[in-house]
Protein chains: 2
Amino acid sequence: MAEDGKSTVRAVERALDILLCFTKKKEWAMTELADSVGLHKSTVHRMLATLEERGFIVRDAASDRYKLGLRIWELSANMSGADDPAVIGLPEMERLRDMLGETVSLYLRDGNERIRIQAVQSIQAIRRVAPIGVRLPLYVGASSKVLIAFEEAAKREELLQDASWPPSFDRQQFQEQMAEWQRLGYAMSVEEREQGAAAVAAPVFSRTGKLVAALSVSGPANRLTPEIMRSQAPAVIEAARRLGVMLK
Amino acid sequence: MAEDGKSTVRAVERALDILLCFTKKKEWAMTELADSVGLHKSTVHRMLATLEERGFIVRDAASDRYKLGLRIWELSANMSGADDPAVIGLPEMERLRDMLGETVSLYLRDGNERIRIQAVQSIQAIRRVAPIGVRLPLYVGASSKVLIAFEEAAKREELLQDASWPPSFDRQQFQEQMAEWQRLGYAMSVEEREQGAAAVAAPVFSRTGKLVAALSVSGPANRLTPEIMRSQAPAVIEAARRLGVMLK
DNA sequence: CCCTAAAGTTTCATAGAGTGAAACTTGGTT
DNA sequence: AACCAAGTTTCACTCTATGAAACTTTAGGG
C-alpha cells in the first residue's frame, strides 16, 4: 500500500485511470480500455459497471461502446464557482477579441502542463468548443512562458528543474529570456507550438498578487508579426489586469 | 460482492460518492465529507488523497478545503462530442431566444430526472452558468411532459410505473393529457415547478426518430399566458426540429 | 446457414488490498 | 497553557478486489 508519500486506494486509481482514457478518445470498447490501462478484461468490466451505475459513463445504445455520462457534466457545472476564471473572464475576453480581432485564450497551469480553460474565437460567431479543456505542454508557447516566469520563485525553480521536459527544451536560454518577459510584463511566441501560429500572453494575477492564469491572443504568424504583437501587448496586459481584479 | 444485478467495486463506488458530493456544495472539509457519505475519517482521507493525486479534486490553498479539480473540466470538455446537443444547439437556441425574447433551455432525460444541459437567458447578454447542469424532477414542468410523452412506448410505461414519484404525481391525469401533447407536438406548464413561472416545450428527435431532448421556452407566468405560449409553440417546434436534424 | 473468432460476461478460489479503531500531530480558541 | 477539533498516520484483521478460466453472445466469412 505504501507509495510515494501518501497512501492511495488502488481500485480507485484504476477506475480514475479508466475515466481519464476518455480525454484521449470519446468512445471506447471494453477490450480497448483493458489494453490501454493494462488491466484484465474482467477487472475493467467491473469498473465500468461501477462507473456506469453512478452515471459517470454510459453505453452508447448503437455502438455498444462506452462514453462519458452526464454526471461529468453535472460535476463540471458545479465546479464553476464564483472564482472560476473561465466564467468570470468571458466578457473581458470577448472585449479583447473584439478589439484585436484575434482568438483570445485563457490558460491555467496544472502541474507541468497547461490547460486552455476558456477561448473566444476570432472569426466564428460561436466559439469552438473542442479546444477548450485541452492540455498543452508547458515548455512552448507564449502562455507557457508567462505561466512559469511570473510564478513564485520557489515554484518557478521547481518547474524548471522538472525532469520531464524534453531534451529540446533549453533551460539556459529560457532562464535568460525570463528576465526580459518579467520586465516587459508579457511574452511572445512565434511558431513554437504550432506551425504558422503566433501569440502574445500576459499574466493574470489575483488580488493577492498570486499568478492564477495566462491570457493570450493568438493567430496566424503572417498577421501577428512580432511588431504587431508588441503593439497589442498593452491591451492584453490591461485585459489581464482587469481579469485579475474580477477574481475572488 | 453480489448486489442488484451487476457486481461493482465498493471502493470505487465510495470514491464516486465522494465526488458526487460536490454537486451539492463546492467546497468541503474532510470531516464534512466523511459525515455526508457515512465513512470513516481515515477512509475518506485515503480516497481524497487518491482523487487529488489524479487531479480530480484539489485543496484550496487558503481554506484547506477540497474542491473539484481541473481534470473534471478536461473530461467535460472531451465529452462534448459531435453529437452533444449542448454545443450544436446553442446557435439555434439563441435564434429562438432572440425571436421570442424569453429564456430557452435544453433538457436531457437521465433516468427519472432531467438535466438542463444548456440555457440562454432572456435578458442578460452572457448566459447564466449556475443553472446549467442542474437536475430537476421529471414529473413537473413542460419539459418533463415532453421527455415522457414522446419517449418510446416501452420506456414511457417504465417511467410512468416508476415507484419513486411522489404521491402528488397523478398518473391517471398525466396519462390522459399525454395524448393531447402527442397530438399537438408540444406541452405547456404554468406554475408547476416554480411559483410564477410558465413554459412551453417541444421534443427534439434525432434523425432516426428517437427522442433525445426537450427544448423549452420559459418565463414569468404573467407574460407567458397560455394564449401567448400557444402562439409561440410553432416556433419552438420548428427550432426543436432544426435542432434535431443537426444532431449526429 | 453453420462455423469460427472476437468481444463481452460470469464464476470462483485466493491473496493481498482496503478498512476503521486508535494513536498521534497540527493549529486554532478560550 | 490547556483544550478541542480537524487532519494524518499506523497497523492487524478481514473481507473485498482480483484475474484465470469457463461460458455466452455477437459478428463476419465461407
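B:Asp64 pairs up with B:Arg59 in a salt bridge, with the closest N and O atoms 3.2 Å apart. A salt bridge here is a side-chain nitrogen of Lys or Arg within 4 Å of a carboxyl oxygen of Asp or Glu. B:Asp64 counts as partly exposed at 46% relative accessibility, and so does B:Arg59 at 37%. For those labels, buried means under 20% relative accessible area, exposed means over 50%, and partly exposed lies in between (1.4 Å probe, protein chains only).

Before going on, some ground rules. This is a predicted model, where local features need pLDDT of at least 70 and side-chain atom pairs count only at pLDDT 80 or more, while totals for chains, interfaces and linings use all residues. Residues are numbered from 1 along each chain as its sequence is written, chains are lettered from A and ligands numbered from 1 in the order in which they are written, and side-chain values use heavy atoms, with hydrogens and water left out.

**Salt bridges**

Over all chains, the structure holds 42 salt bridges. Three of them are set out here.

| Salt bridge | N to O distance | Relative accessibility |
|---|---|---|
| B:Asp64 and B:Arg59 | 3.2 Å | B:Asp64 46%, B:Arg59 37% |
| A:Lys25 and A:Glu32 | 3.0 Å | A:Lys25 32%, A:Glu32 29% |
| B:Arg135 and A:Glu74 | 2.3 Å | B:Arg135 17%, A:Glu74 8% |

The pair of B:Arg135 and A:Glu74 crosses between chains, running from strand S5 (residues 135-137) of chain B to helix H4 of chain A. Helices (H or I, at least four residues) and strands (E, at least two) are DSSP runs, numbered from the N terminus. Both partners count as buried, B:Arg135 at 17% and A:Glu74 at 8%.

Not counting residues up to four places away in sequence, A:Glu74 touches B:Thr23, B:Gly133 and B:Arg135, where contact means heavy atoms within 4.5 Å. A network of salt bridges links A:Arg71, A:Glu74, B:Asp110, B:Glu113 and B:Arg135.

**Where the chains meet**

Now for the interface itself. Chain B brings 55 residues to the contact and chain A brings 56. Between them the chains bury about 5500 Å², 70% of it on carbon and sulfur atoms. Buried area is the accessible area (1.4 Å probe) that two parts lose on being put together, summed over both. B:Leu70, B:Trp73 and B:Met79 supply 13% of the area that chain B buries against chain A, more than any other three residues.

Six salt bridges are counted between chain B and chain A, and six residue pairs are in polar contact across the interface (both at pLDDT 80 or more). Several elements of chain B each supply at least two residues of the side that touches chain A, including helix H1 (10-20), helix H4 (70-79) and strand S3 (103-110). H4(B) gives the largest share of that side, 10 residues. By type, the residues on this side of chain B divide into 28 nonpolar, 10 polar and 17 charged. Here Ala, Val, Leu, Ile, Met, Phe, Trp, Tyr, Cys and Pro count as nonpolar, Asp, Glu, Lys and Arg as charged, and the others, Gly among them, as polar. H4(B) is mostly covered, with 10 of its 10 residues buried.

**How the copies are related**

Chain B can be laid on chain A with an RMSD of 0.2 Å, by a turn of 179° and a shift of 0.1 Å along the axis. The two copies are thus related as by a two-fold rotation axis. The superposition is by least squares on the C-alpha atoms of residues with pLDDT of at least 70 in both copies. Of the residues of chain B, B:Val12 comes closest to the rotation axis, at 2.5 Å (C-alpha). Also, 100% of the interface residues of chain B are interface residues in chain A, so the copies meet through the same surface.

**Inside chain A**

Chain A has 10 helices and eight strands, and 50% of its 248 residues count as buried. A:Ser143, in helix H7 (residues 142-149), is buried at 3% relative accessible area. A:Arg193 sits in the loop between strand S6 (187-190) and strand S7 (197-205) and is partly exposed at 36%.

Note on methods. A polar contact is a pair of N or O atoms within 3.5 Å; within protein, one must be able to donate a hydrogen and the other to accept it, and residues adjacent in sequence count only if both atoms are side-chain atoms.
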